[in-house]
Amino acid sequence: MQNIQFYKSVIDAPGCISNGWNLIKPNYWMYFGMGVLAVLSPLIISCIPCLNIVLVGPLSAVLSAGIYYVLLRDMRGEPVEFAMMFKGFENLVPLLIVGVIQAIPSMIFQVLQWVLDLGRIAAQIARGVRGDGNFYQNDETAIAITAGLIAISIVVAVFILLFSIAWAITFEFAIPLVIEHKMAPIEAIKLSAKAGWGNFGGLLFLMLLEVLMVIAGVFAACIGFLFVIPLVFAARAFAYRQVFPLLNQTFQTVPPPDGVR
């Protein structure tokens with residue numbers, strides 16, 4: 001296991017976005033093409049029944065790793081080009097493992113959704129066979145059932161949101177660690193979890209800013225979010241570098257904190 005140190009509570013979310021934009025601005029359209037490919041490829045595969053549940057996560061991990069590879073090179077002032085995006089395939093197996101593990105909750109939710117959909121269809125068929133077309137009556141029982149279902153839906157939605165945030169923080173640095181340090185997948189996930197939760201506040205703020213940027217992009221021109229994707233990747237790359245700095249770094253970052261792991 002590599003002894004890779006990380007800093008705690010160092011992420012400057014607005015600084016990550018500002019530095020990220022300054023980094024990608026000279027080669028914006030190259031990064032735009034990378035971002036579109038990284039996002040649209042999994043979306044296309046997600047339209048394929050059954051295959052989407054096992055392919056989307058791993059493919060996203062491999063393509064994202066390639067973008068991080070290019071961004072980290074760019075930060076060091078090294079030459080970059082579009083073809084380098086496919087460097088992730090040189091670490092295919094570790095990235096696939098990280099992608100599969102990261103996608104496990106999505107797989108479970110997808111299966112549960114299928115089960116619920118099948119149950120709903122079966123209930124509708126059963127009511128049709130019984131001729132019970134007025135299952136929901138406008139009475140106190142129906143109102144109580146509806147209110148209960150709404151309450152359950154809200155609780156489930158809140159749980160999924162909180163779990164998604166926690167899961168994202170846990171895996172935030174796993175892919176960059178694999179692509180930069182050639183770490184084993186489980187070790188990368190463990191280190192990512194420690195570093196991610198050690199920078200919980202900064203990561204949460206960065207995620208919030210990214211969501212606001214994506215929403216602004218959607219409102220701008222529906223597909224405007226595609227133009228924000230390169231900046232999201234760049235901001236996350238800077239967050240990674242603030243937490244796992246290089247000794248010879250030349251870009252602006254937050255000064256080291258009091259404690260190091």
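1. Arg-73 counts as buried, with a relative accessibility of 15% (buried is under 20% relative accessible area, exposed over 50%, partly exposed in between, with a 1.4 Å probe and protein chains only). Bear in mind that this is a predicted model: local features need pLDDT of at least 70, side-chain atom pairs count only at pLDDT 80 or more, and totals for chains, interfaces and linings use all residues. Residues are numbered from 1 along each chain as its sequence is written, and side-chain values use heavy atoms, leaving out hydrogens and water.

2. Arg-73 sits in helix H3, residues 52-75 (helices are DSSP runs of H or I, at least four residues, numbered from the N terminus). Beyond four places in sequence, Arg-73 touches Glu-78, Pro-79, Val-80 and Met-84 (contact: heavy atoms within 4.5 Å).

3. Now the charges. Glu-78 pairs with Arg-73 in a salt bridge, closest N and O atoms 3.2 Å apart (a Lys or Arg side-chain nitrogen within 4 Å of an Asp or Glu carboxyl oxygen). Glu-78 also bridges to Arg-76 at 3.0 Å, N to O. Both Glu-78, at 29%, and Arg-76, at 35%, are partly exposed. A network of salt bridges links Arg-73, Arg-76, Glu-78, Glu-180 and Arg-241.

4. Worth a look elsewhere: Glu-172 and Arg-236 form a salt bridge at 4.0 Å, N to O. Glu-172 lies in the loop between H5 and helix H6 (174-181) and Arg-236 in helix H9 (residues 229-243), so this pair ties together parts 64 residues apart in sequence. Glu-172 is buried at 9%, whereas Arg-236 is partly exposed at 27%.

5. In total, the structure holds 7 salt bridges.

Technical notes
Helix = DSSP H or I, 4+ residues; strand = E, 2+ residues; numbered from the N terminus.
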